[in-house]
Each structure stands twice: as C-alpha cells, then as structure tokens.
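Work through the exercises below with the sequence and the 3D structure at hand. Try each task before reading its solution.

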Amino acid sequence: MAQDPLFYYFGDDEAFFRTLQGEFKRHTKLAAKFERHYSPREEDIQSLFLLIAANKPQCVFIDFSKETQEYLHLARLIARTEFEVKPVTVGLVDYLSPREILNESISTGINLTHIKSAEVYDVVYDAAVLISPDAIPEHGFATADLAETWEAGAVAKIGYVHAEGLHLETNFNLAKGDRLRLDHFWTKDKIIPSKEVFVTDTSAKNLFYHFKGSAELEFVVIDEYIPPEGMEEVDINDRKVERDEYIRRHKKKMGAWVEDNLSRSQEKNTKFLIIDPEFRFLMKQKRTDRYPYIIRCEPFLKDIADDLSRLCPQLIAVSLQPTEVKDAKIDFDFLEKLVAVVKRDHVESSPYLVVFNTAIPTKELRQQLGYEHMMATDGELEAEVLVKMAELLDKKLSQIKKHTSHKPVVTIKKTNPASHSLILFNVNVLKMSETDIIFTSEKELTPGTNLYFSKPAPFYVNVQPAKAQEKKPEYKGLIHCIGESDKKELRRYVNSIFFRDHDAQVTAQADEFKKLNENKLKEKLEAIRIAQEKALAAEEAKKAAEEEVKRKDAEKAAEAAELAGQDPKKPA
C-alpha cells in the first residue's frame, strides 16, 4: 500500500496553514499528511533542511513573509541539492512583499511562488499538477482561444559584470554566436541603452547557482542603425560616426560604473564541496552563504564527472558511510571513482580531499588511490575542522589571485536586484485561462523553467509539456506569482477575448451603417450642390436676358433718332 504523501509548511501563518489543508482536501484526491515547522533562528531554519533530507516530503511550502533571507536561503539549499526525487517547492509571500522578493524567490530555483490571499485554489492546483496531475481535475475556468505573439522572459542570474559585458547563468539554451535581448539593470539605468547582447562563450562548468549553464555576453551598447531606402551614402556614414561616438560614451559610463563599484565586489575564491548523506555541516550551524567561500553540501553525486565539472571545487570533503548501511552510496568504491575523475579531469586545480570515517591511514590511502592531495581520519565529519581547512586554502588562493592580472570585474551579490535578469524571446500563445496558458516556442524549453510575462498583467509561468502535441511542441504554463489586482486584470482580459468576435461584428455593422449614412449624406449634399448651381445658372441667364433686352431697346431708340435727323444725344 502506497504511503500517504507528506507535505511540509515552513512558516508561522497558522490561519493560512489551516486553509491550505482544507483546500487540498476539498479539491484533490491527495490524502496528504501536513506538518508545520517554524523557527525565527537562523541555524534552526537551515536545519529544517535535515527534515527534508530525512523524511523526503513530496511538497514543501516555504513562507517568506518573515525571516525572509533565512527562508530564501533554505529554498536555495533545496534547489541546489541532489535528491533521488526532488520535492515540489512552493514559495509564499504576503501582499506587502516588494517585487524584488518575488523575483528573488523565483531565482532561488523554487518551482512556484504565490502571493497569499483569500484565494488559495491556484496554490493547490499548481502544486497538485506538479506532484500528481491525476489527483486533481481540470480547473474548469473559462479558457479562451487566441493566436498572439507575446514577449517572454527566461530567468537568469548575473554573476559578474565588466565594462564590455557580463556573465550569467540560466537554463535557457544558448550557443556561442547567438544574438539576444536581455533585460538587465544597466539598461534600465540607461548606462547601456541597448538590450541586445552577443553570446561570446557558453559553459556548463564552474557554476554558482542551480542553473544548468552559463554564458559570457558582450554588450551591443547602441542598437544598430538601419538606414531607410534611398538614403544618401554621406548621411549613412554620418549616422555610423554618430553611433560610434555614442558607443564610446556609454562604454566609458559602464567602465566608470565598474570602477565605482569595485570596492563593493565580494568574489568568493574558494569552492568547497561536502559529500555527506547526513548533512552534518548543516546541523545547527550558521548559514552556509555567510562564509567567505562557496559551500555546497551533497548527499551523493549522480554523475561524478558532470557534477565535479559543474561545481569545480578546490576542497572536497567525503564522509564515508559505515559498511553496515544498506545500499550505501558513499563507500570506498565511490571514493575510488571520485579520485579517478579528479586525476583525469582536474589535474590543473588538483582539489584537496579530506576523507572522514575511514580506518585507512592517510599515507596508505594516498598510495592506494595514487593521489597525494588528501588526508584521512577515522572521526566523523566536523564542521569546525572543515572551516579551518577552508580558511587556510582560501588565504592561499587569494594570494595567488592577487598576482594574476585580469580586467576589472564587479561580482554581483545574489541578493542584489542587479543580479536578476531576463532573456527576452517571443512565444505564440494559443489558449489562456486565469490559471494557465498554452503556447509554442521556437526555442526548446526545459520543463520546470519559469518564464516572466508582462502582459496582460505581470506574472510568471512554470513551464510543463502540454498534453496535446502537434508538429511544433506545445507547452503548458502554470500561472503564479500574481497579486489579486493583477489577477482581476487577467480575468478581464480572458473574458474580453470571448467578446472579440461579437464586438468585431458589432463594430463592423456600426461601421457599415455609418458608411451608409455617410454615403446618403454625400448624395444629399451633392444634390443640393447641383440644385444650387442650377438655380445660380438660371438667375445668371435671366439677368443676361434682361440685359440683352435693355441693350436692344437702346439700339432701337438710337436708330429712330438718327432717322429723324435728331442728335440722339440731345433731347427732342
């Protein structure tokens, strides 16, 4: 018999927690067991991760309304960590939360983010669709057909920036040589006017965030000038010279921004990987992101070569599982494979290995594995020991970097709004309700990707494959991260689609009636004009006839006077 799913709610909103339970019972077939956990203390919040690792819930709701940064950190831990089956994660914010928190919630790698309100249906529907689509019936909201091209934004995080461009991480498929539009801080601030950038390089190595790849981008700075047809060559050249001057000025502005912000740049030189199924480093410890080096904790590695390439650690700690543990993943066989990959793929960096919970002495282990940069201990993994080793290694790497020349770059802190960016591209929207949309895209999209839309109201969608697949793949987007007022605007938009044909017909009839009336009016005006012209002509003809009669009478009188011998000019 299958075990009832386990749902966690991390937060202190008891009323919302009760409502959430009731709505799941009301709308779904999921007989879920709900548990609420909350603490305002930093080390306790991070330790909540251990509940997830141990009990493997199907869904985790994380309320960011209080202790926001601590619970965002918890969300990042879940997104970055390898699980046999990763739980569905739903972020929750209240209606007073600033837009930056919504964006940061999405950037943690969380599946969905909802704004808490009296309407809880979408929270339940979206989570149920991702957990078990058959457990909830179709939403039943009006779904309108449309065929429109909308601009979407794929989420990306900027790691660092320099005068010529920037480095970002994303799940959006990019290739060297691509030209794309990027919505980013320096465009909004008018330092770099153009949103267009060139992709100069891509990589799946040495990543910081949960994304699958990174890219180096070069600013276009100013949009290219396309001269109109027939423009004189001299004018075209003048425009090119003008554009080059604008580019020079704005590059200078960007360089000045980089120089002004170098002192705030806090790059972490050392990356520290801890492989421990028990996650001891997270037990009642301060947040891992508060250390001056990057710390990643994993229970296992799904693919040793790919995972080490993605993380590129300089220090690796391995806690071997006891031999009596059934189906142990982190054993001596794993250690041999790990060292083999390090020796093959990471010769240049030669990461230092620390092996815990082994009876083999350091010297013997080095000989067996043929790798000198390692030490072994029979003790359990201890956070304090690892922190001291990381400090020593970090100092060494910092000294090496001081003597390495490179162009000035500013590392952007993950909580800085400037780290958030969107890769802009077009999608064709086919259907839409107030809860989801169906669309196609020229770009292949990874399921689970979050996209941002600004019309007809600002919202994100979590991308899933649609049920019906035609020649071009269709995607279903679960709408989330939308407030009550924007939700009303979305409803109005969907309803307006149903009346478009009717309204268009009424408008067409009104236009036809108006046109008919205008034609009739023109006919009447033309008839009046013709009648007026005829009357004027008749009047002029009458006057001409009268003048002709007078003229003839005058001629006759002159003739009679002449015959009588009288001067016609003198009276008789």
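**Exercise 1.** Classify Asp-13 by its relative accessibility: is Asp-13 buried, partly exposed or exposed?

*Solution.* 
Step 1. Recall the classes: buried means under 20% relative accessible area, exposed means over 50%, and partly exposed lies in between (1.4 Å probe, protein chains only).
Step 2. Asp-13 has 24% relative accessibility, so Asp-13 is partly exposed.

The model is predicted: local features need pLDDT of at least 70, side-chain atom pairs count only at pLDDT 80 or more, and totals for chains, interfaces and linings use all residues. Residues are numbered from 1 along each chain as its sequence is written, and side-chain values use heavy atoms, with hydrogens and water left out.

**Exercise 2.** Which residue forms a salt bridge with Asp-13, and which parts does the pair tie together?

*Solution.* 
Step 1. A salt bridge is a side-chain nitrogen of Lys or Arg within 4 Å of a carboxyl oxygen of Asp or Glu.
Step 2. The partner of Asp-13 is Lys-116, and their closest N and O atoms are 2.9 Å apart.
Step 3. Asp-13 lies in the loop between β1 (6–10) and α1 (14–27), and Lys-116 lies in the loop between β5 (112–115) and α5 (121–131), so the pair ties together parts that are 103 residues apart in sequence. Helices (H or I, at least four residues) and strands (E, at least two) are DSSP runs, numbered from the N terminus.
Step 4. Lys-116 has 12% relative accessibility and therefore counts as buried.

**Exercise 3.** Examine two further salt bridges, Glu-82 with Arg-310 and Glu-489 with Arg-492. How many residues apart in sequence are the parts tied together by Glu-82 and Arg-310?

*Solution.* 
Step 1. For Glu-82 and Arg-310, the N to O distance is 3.7 Å.
Step 2. Glu-82 is in the loop between α3 (68–80) and β4 (88–93), while Arg-310 is in helix α8 (residues 304–311), so the tied parts are 228 residues apart in sequence. Glu-82 is buried, at a relative accessible area of 13%.
Step 3. For Glu-489 and Arg-492, the closest N and O atoms are 2.8 Å apart. Both belong to helix α12 (residues 484–498); because they are 3 residues apart there, about one helical turn separates them. Glu-489 is partly exposed, at 33% relative accessibility.
Step 4. Salt bridges can also share partners: Glu-42, Glu-70, Arg-287, Asp-289, Arg-290 and Lys-414 are joined into one network in this way. The structure holds 41 salt bridges.

**Exercise 4.** Describe the surroundings of strand β6 (residues 144–161). Which strands pair with β6?

*Solution.* 
Step 1. Check the cover: 13 of the 18 residues in β6 are buried, and the strand is mostly covered.
Step 2. Apply the rule for pairing: DSSP must find at least two bridges between two strands.
Step 3. Go through the partners of β6:
- Strand β17 (residues 420–432) runs antiparallel to β6 and is joined to it by 12 bridges; Glu-148 stands opposite Val-429 in β17.
- Strand β7 (residues 165–170) is antiparallel to β6, with 5 bridges; Ala-156 has Thr-170 as its bridge partner in β7.
- Strand β19 (residues 450–453) pairs with β6 in the antiparallel sense over 3 bridges; Leu-451 in β19 is the bridge partner of Ala-154.
- Strand β16 (residues 410–411) runs antiparallel to β6, with 2 bridges; Val-161 faces Val-410 in β16.
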